[in-house]
There are 2 protein chains.
Amino acid sequence: MEQEFASILLESAVTELSRLPGVGRKTALRLALHILRQDESVGVALGEAIINMRRGVKYCSECHNISETEVCPICSSPARDKSTVCVVESVKDVMIFENTRQYRGLYHVLGGVISPMDGIGPDQLQIASLVERVKSGEINEVILALSATMEGETTNFYIYRQLGTLPVKITQLARGVSVGNEIEYTDEITLGRSLINRTLFADSFNNNR
Amino acid sequence: MEQEFASILLESAVTELSRLPGVGRKTALRLALHILRQDESVGVALGEAIINMRRGVKYCSECHNISETEVCPICSSPARDKSTVCVVESVKDVMIFENTRQYRGLYHVLGGVISPMDGIGPDQLQIASLVERVKSGEINEVILALSATMEGETTNFYIYRQLGTLPVKITQLARGVSVGNEIEYTDEITLGRSLINRTLFADSFNNNR
C-alpha cells in the first residue's frame with residue numbers, strides 16, 4: 001500500500017509501529033492517528049514507557065527471567081524453595097506458572113526450545129547455565145515444564161542427558177486429560193498416557209484443599 | 001486477567017500499550033515481550049517515533065489536516081487549485097483522496113460528522129472555519145465528500161444550509177454502483193440513484209485517459 005503522508009513524523013511512527021508482530025501498515029496508521037487524537041500526554045507516556053522498559057529491563061543472572069535487578073525478585077526471595085528449579089521456555093511461562101500460585105520453587109528460563117527447523121540448537125539456549133546451577137549443589141529437583149511438542153520433548157531429553165550424571169531428581173509435568181476437556185475430544189496418545197499415569201482418586205480432592 | 005509482573009517497567013509498558021484501540025492486556029504483553037526480544041535500538045526507535053510524532057505533528061491552520069508547519073504542504077502548494085475545497089471527515093480521508101491522484105484542489109477536515117448519538121454537534125466540528133474560508137471569497141466550489149451514512153448526509157445538509165447564501169457551488173460525491181460490484185448485490189437505493197444520475201457511456205472511457 002503506497003501512502004502519501006502529510007508528515008514525515010507520522011510516516012516514521014507508522015513505519016516503527018508496523019514492525020510490531022501482527023501490525024501491518026494499515027493498522028499502524030490507525031494506531032498512529034488514534035495517538036494523535038488523544039491528549040499529548042497519552043502518546044508521550046506510551047513512548048516513554050516503551051523506551052524505559054527496553055532500556056531498564058535486564059535479565060536475572062541466575063534464572064534469566066526478566067528483572068530490573070542483577071538477581072530477580074523470585075531468585076532473591078527468602079520465601080522460595082531454592083532446592084527446586086522449574087525449567088521453562090520463556091519469560092511468559094514464568095508468569096503463567098506464577099499465576100497458578102501452586103509453585104514456590106525457582107525457575108530457569110531457557111529462551112526457547114531446540115528446533116533445528118528454526119536453526120535453534122542447544123548453544124542458543126540457557127542449557128549450559130542450567131547444568132552449572134545444578135552442579136553448584138543446592139538443587140534437588142529439576143522440573144521440566146516445556147511444551148508437550150516434538151521440540152519440547154527433544155529439549156527435555158537433551159537436558160535429561162546433560163544432567164544425567166548429577167545427583168538430582170528430574171521430573172516433568174504430568175501428561176493427561178486437560179481439566180474441562182471431554183474424553184471424546186482428547187487425543188489417543190494423551191489418553192494412553194493418562195491411563196498409565198493414573199493417580200489415586202482420593203489424592204485429587206486432598207490436593208485441592 | 002491478573003498478572004504478576006517481574007518488572008514495574010514491563011507492567012507500565014503493558015498498561016500504556018493496552019490503551020491502544022483493539023489491544024487488550026494479553027496482546028499488550030505479547031507486544032512488550034516482542035520489543036524486549038528485539039535489539040534495544042528497535043524499541044527505543046519505536047518509543048521516540050511515537051513521542052516525536054505526538055509532539056511534532058500540528059494541524060494546518062487553513063484546512064485542519066495534520067501538518068508539521070503552520071500551513072500544510074497541500075494548502076501552500078502553488079500547483080493546487082485554490083478555488084475548490086473538498087470537505088472530508090478525517091485526516092485519513094485526505095490520504096485516501098490523495099491516493100486516487102484524481103484531485104488537485106484543497107481540503108477541509110471537519111474532524112468527524114454530526115452525530116447526536118455520540119454527542120457530536122456542529123460546534124465540535126470545523127464547520128464555522130469552513131464558512132469563514134468560503135466567505136474569504138477565493139473558493140468557487142465546495143465538494144461534500146462525507147460518508148454516505150445518515151450522519152454524513154445530516155452533516156452535508158447542515159453545511160449546505162450554512163453556506164446557502166454564499167456565492168459558491170456546492171456539490172457532493174456521485175452515488176452509484178461501486179466499481180467491481182455486481183448489480184445483484186447492490187442495494188436498491190444506490191441502484192435508484194445510479195439510474196437517475198446516469199452518465200454518457202462515452203464519458204467513461206474519455207475520463208480514464
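**Entry 1: α1 and α2 in chain B**

I looked up how α1(B) passes α2(B) and found a right-handed crossing. By the rule used, a crossing is right-handed if the near helix is turned clockwise from the far one by less than a right angle, and left-handed if anticlockwise. The model is a predicted one, in which local features need pLDDT of at least 70, side-chain atom pairs count only at pLDDT 80 or more, and totals for chains, interfaces and linings use all residues. Residues are numbered from 1 along each chain as its sequence is written, while chains are lettered from A and ligands numbered from 1 in the order in which they are written.

I then took the geometry. The axes of α1(B), residues 8–17, and α2(B) come within 8 Å and cross at roughly 125°. That makes α1(B) oblique to α2(B). The axes are lines fitted to C-alpha atoms, for helices over the stretch in contact, and the angles run from 0 to 180 degrees between N-to-C directions. Under 35 degrees counts as roughly parallel, over 145 as roughly antiparallel, 65 to 115 as roughly perpendicular, and the rest as oblique. Helices (H or I, at least four residues) and strands (E, at least two) are DSSP runs, numbered from the N terminus.

Next I listed the residues. From α1(B), B:L10, B:A13, B:V14 and B:L17 meet B:R25, B:A28, B:L29, B:L31 and B:A32 of α2(B). Contact here requires C-beta atoms, placed from the backbone, within 7 Å. I sorted this contact by class: eight nonpolar, no polar and one charged. Nonpolar covers Ala, Val, Leu, Ile, Met, Phe, Trp, Tyr, Cys and Pro; charged covers Asp, Glu, Lys and Arg; the others, Gly among them, count as polar.

I also checked B:R30, which is found in α2 (residues 25–37) of chain B. The cut-offs are 20 or more other C-beta atoms within 10 Å for buried, 12 or fewer for exposed, and partly exposed in between, with C-beta atoms placed from the backbone.

I turned to chain A. There α1(A) and α2(A) pack at about 125°, with axes 8 Å apart. I record α1(A) and α2(A) as oblique to each other. The crossing of α1(A) past α2(A) is right-handed. A:L10, A:A13, A:V14 and A:L17 supply the α1(A) side, and A:R25, A:A28, A:L29, A:L31 and A:A32 the α2(A) side.

**Entry 2: where the chains meet**

I counted 47 residues of chain A in contact with 47 residues of chain B. On chain A, α1 (8–17), α2 (25–37), α3 (40–56), β2 (66–67) and α5 (91–100) each supply at least two residues of the side that touches chain B. The largest share, 16 residues, comes from α3(A). By class, that side of chain A has 26 nonpolar, 11 polar and 10 charged residues.

How are the copies related? A rotation of 180° with 0.0 Å of shift along its axis superposes chain A on chain B, RMSD 0.1 Å. The two copies are thus related as by a two-fold rotation axis. The superposition is by least squares on C-alpha atoms of residues with pLDDT of at least 70 in both copies. Of the residues of chain A, A:G47 comes closest to the axis, at 1.9 Å (C-alpha). The copies meet through the same surface, because 100% of the interface residues of chain A are also interface residues in chain B.

The axes of α3(A) and α3(B) come within 8 Å and cross at roughly 165°. That makes α3(A) roughly antiparallel to α3(B). This crossing is left-handed. The contact includes A:G47 and A:I51 of α3(A), and B:G47 and B:I51 of α3(B). The contact residues divide into eight nonpolar, four polar and eight charged.

**Entry 3: loops of chain A**

A:H64 has a positive phi of about 70° although it is not a glycine. A:H64 sits in the loop between β1 (58–59) and β2. A:H64 counts as buried, with 22 C-beta neighbours inside 10 Å.

A:R101 also is not a glycine, yet has a positive phi of about 55°. I placed A:R101 in the loop between α5 and β4 (105–109). A:R101 is exposed, with 8 other C-beta atoms within 10 Å.

Terms used:
Contact = placed C-beta atoms within 7 Å.
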